[in-house]
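Here are a few notes to read with the model open.

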Amino acid sequence: MDKWHNKVAVVTGASAGIGAACCKALVDNGMIVIGLARRPERIDEIHNSSWPDDEEKQKRLHSLKCDVRQETQVVEAFAKIVKDFGPIAVLINNAGIVRSTELVRENNTEDLRAIVDTNIMGVAFCTREAFKSMSKNSDGLGHVIIINSVAGHRVIHFEGMSTNMYPASKHAITAMTEVYRNEFLMHNTKIRVTSISPGVVRTEIFTEQALEMMKDFPFLEASDIADAVIYCLQTPAHVQIHELTIKPVGEKF
């Protein structure tokens with residue numbers, strides 16, 4: 001990870017779960033990290049809980065309020081990051097939501113749009129703005145990591161639960177990862193792109209009802225995905241892990 005020391009990393013959906021775990025791991029590995037979230041005060045709480053006696057690491061983590069569904073907020077946030085901290089080297093597209101709604105249910109437009117706007121358009125907005133900075137990096141460093149899902153490769157059905165729009169949004173991310181790889185090449189950059197597709201991870205994305213229905217499932221922890229992010233980042237510059245799938249031992253789908 002030496003090549004990333006003191007470089008700027010941006011993490012979306014950074015207030016909890018995988019995003020918060022990624023912030024901690026990146027700081028621990030010497031990066032300057034800006035966490036984007038609708039609840040930035042929760043990112044601020046990470047300082048004392050993670051490094052109560054380490055001011056150096058506390059200074060490496062910063063928070064910025066940003067709803068990735070709102071294009072204007074994304075543009076303004078990335079411009080501020082570049083102005084205040086310097087060029088962006090790493091982007092972790094983590095922000096994502098689930099809504100418990102069937103595709104055929106009436107009056108579900110708000111839920112459907114929320115999934116598409118967060119899981120797809122949020123990635124598109126953030127990656128576009130990060131690319132503006134990464135493509136100008138004199139050292140050629142740049143890595144976009146997208147937190148995908150096993151549901152982005154196969155539609156998984158759980159008895160009693162709607163599959164909803166979530167796997168459709170993650171299938172879009174699988175396709176977008178390949179599009180980004182081609183576009184980064186087309187622009188003659190060395191920017192890498194990685195899709196990380198976890199199985200079930202114990203995070204706030206699930207409602208209590210969903211967790212109760214999944215009580216017998218094996219779970220990954222958010223820190224497992226953060227470890228995978230670091231693994232992908234530390235590979236040599238000529239190596240690109242395009243897709244990394246992670247499942248808990250015993251997962252049956």
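A word on terms before the points: a residue is buried when its relative accessible area is under 20%, exposed when over 50%, and partly exposed in between, using a 1.4 Å probe and protein chains only. Keep in mind that this is a predicted model, where local features need pLDDT of at least 70, side-chain atom pairs count only at pLDDT 80 or more, and totals for chains, interfaces and linings use all residues. Residues are numbered from 1 along each chain as its sequence is written, and side-chain values use heavy atoms, with hydrogens and water left out.

1. Start with Thr 194, which sits in strand β6; helices (H or I, at least four residues) and strands (E, at least two) are DSSP runs, numbered from the N terminus. Thr 194 has a relative accessible area of 0%, so it counts as buried.

2. Who else is around Thr 194? Setting aside residues up to four places away in sequence, Thr 194 touches His 143, Val 144, Ile 145, Ile 146, Cys 232, Ile 241 and His 242. Contact here means heavy atoms within 4.5 Å.

3. Strand β6 (residues 192-198) also holds Arg 192. Buried or exposed? Arg 192 counts as buried because its relative accessibility is 5%. Its side chain reaches two backbone oxygens, that of Pro 236 at 2.9 Å and that of Val 239 at 2.5 Å.

4. Now look at Asn 164, in the loop between β5 (143-147) and α7 (166-186). With a relative accessible area of 10%, Asn 164 is buried. The side chain of Asn 164 reaches the backbone oxygen of Arg 99 at 3.1 Å and the backbone nitrogen of Tyr 166 at 2.7 Å. Beyond its neighbours within four places in sequence, Asn 164 has contacts that include Val 98, Ser 100, Leu 103 and Ile 115.

5. On to the helices. Helix α5 (residues 71-85) packs on helix α6 (residues 109-134) at about 25°, with the axes 9 Å apart; axes are lines fitted to C-alpha atoms, for helices over the stretch in contact, and angles run from 0 to 180 degrees between N-to-C directions. The pair is therefore roughly parallel, as angles under 35 degrees are, while those over 145 count as roughly antiparallel, 65 to 115 as roughly perpendicular and the rest as oblique. Among the residues making this contact are Phe 78 of α5 and Phe 125 of α6.

6. The other pair is α1 (residues 17-28) and α9 (residues 222-233), whose axes come within 8 Å and cross at roughly 50°. That makes α1 oblique to α9. The contact includes Ala 21 and Leu 26 of α1, and Ile 225 and Val 229 of α9. By class, this contact has 11 nonpolar, 2 polar and no charged residues. Nonpolar covers Ala, Val, Leu, Ile, Met, Phe, Trp, Tyr, Cys and Pro; Asp, Glu, Lys and Arg are charged, and the others, Gly among them, are polar.

Conventions:
Polar contact = N/O pair within 3.5 Å; in protein donor to acceptor, adjacent residues only side chain to side chain.
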